[in-house]
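Work through the exercises below with the model open. Try each task before reading its solution.

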Amino acid sequence: MNSMRWMAAGAAALLLALPGVSAAQGNIEAGRAKAYTCLGCHAVEGYRNAYPSYRVPRLGGQHQEYLVSALQAYKNGDRQHATMQALAATLSEQDMLDIAAYFEAEGRGGAE
């Protein structure tokens with residue numbers, strides 16, 4: 001039993017050491033206030049970007065870890081999209097966590 005605890009602790013430590021993975025959690029209510037810009041595109045059912053034409057993903061229910069990772073990638077230039085890069089550049093790590101917590105909870109019905 002003790003070896004299982006050590007293995008679980010080691011796995012958790014390894015996971016937290018990976019880039020983009022954080023033990024920190026965002027604040028849903030703070031995220032609701034910070035996500036107003038995001039909602040203009042990412043909360044519209046069936047919304048498509050004009051040029052180049054592509055479907056804009058809805059973010060409600062997306063995992064917090066994924067959203068933070070995506071925002072970090074836009075901020076540091078690893079993901080290419082001029083508008084998203086400009087918006088992400090203005091966000092702190094806590095802003096990203098809060099916005100991601102809001103969108104994750106929205107999909108569970110907890111942010112409505």
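**Exercise 1.** Determine in which hand, left or right, α4 passes α6.

*Solution.* α4 passes α6 in a right-handed crossing; the near helix is turned clockwise from the far one by less than a right angle. Helices here are DSSP runs (H or I, at least four residues), numbered from the N terminus. The model is predicted: local features need pLDDT of at least 70, side-chain atom pairs count only at pLDDT 80 or more, and totals for chains, interfaces and linings use all residues. Residues are numbered from 1 along each chain as its sequence is written, and side-chain values use heavy atoms, without hydrogens and water.

Next, take the geometry. Helix α4 (residues 64-75) and helix α6 (residues 93-107) pack at about 140 degrees, with axes 8 Å apart. Axes are lines fitted to C-alpha atoms over the stretch in contact, and angles run from 0 to 180 degrees between N-to-C directions. That makes α4 oblique to α6. Angles under 35 degrees count as roughly parallel, over 145 as roughly antiparallel, 65 to 115 as roughly perpendicular, the rest as oblique.

**Exercise 2.** Which residues of α4 and α5 make their contact?

*Solution.* Start with the angle: α4 and α5 (82-89) pack at about 100 degrees. Their axes are 7 Å apart. The two helices are therefore roughly perpendicular. The contact (heavy atoms within 4.5 Å) joins Leu-71, Tyr-74 and Lys-75 of α4 to Met-84, Gln-85, Ala-88 and Ala-89 of α5.

**Exercise 3.** List the residues in α4 and α6 that meet.

*Solution.* From α4 come Gln-64, Glu-65, Leu-67, Val-68, Leu-71, Gln-72 and Lys-75. From α6 come Glu-93, Met-96, Leu-97, Ala-100, Ala-101, Phe-103 and Glu-104.
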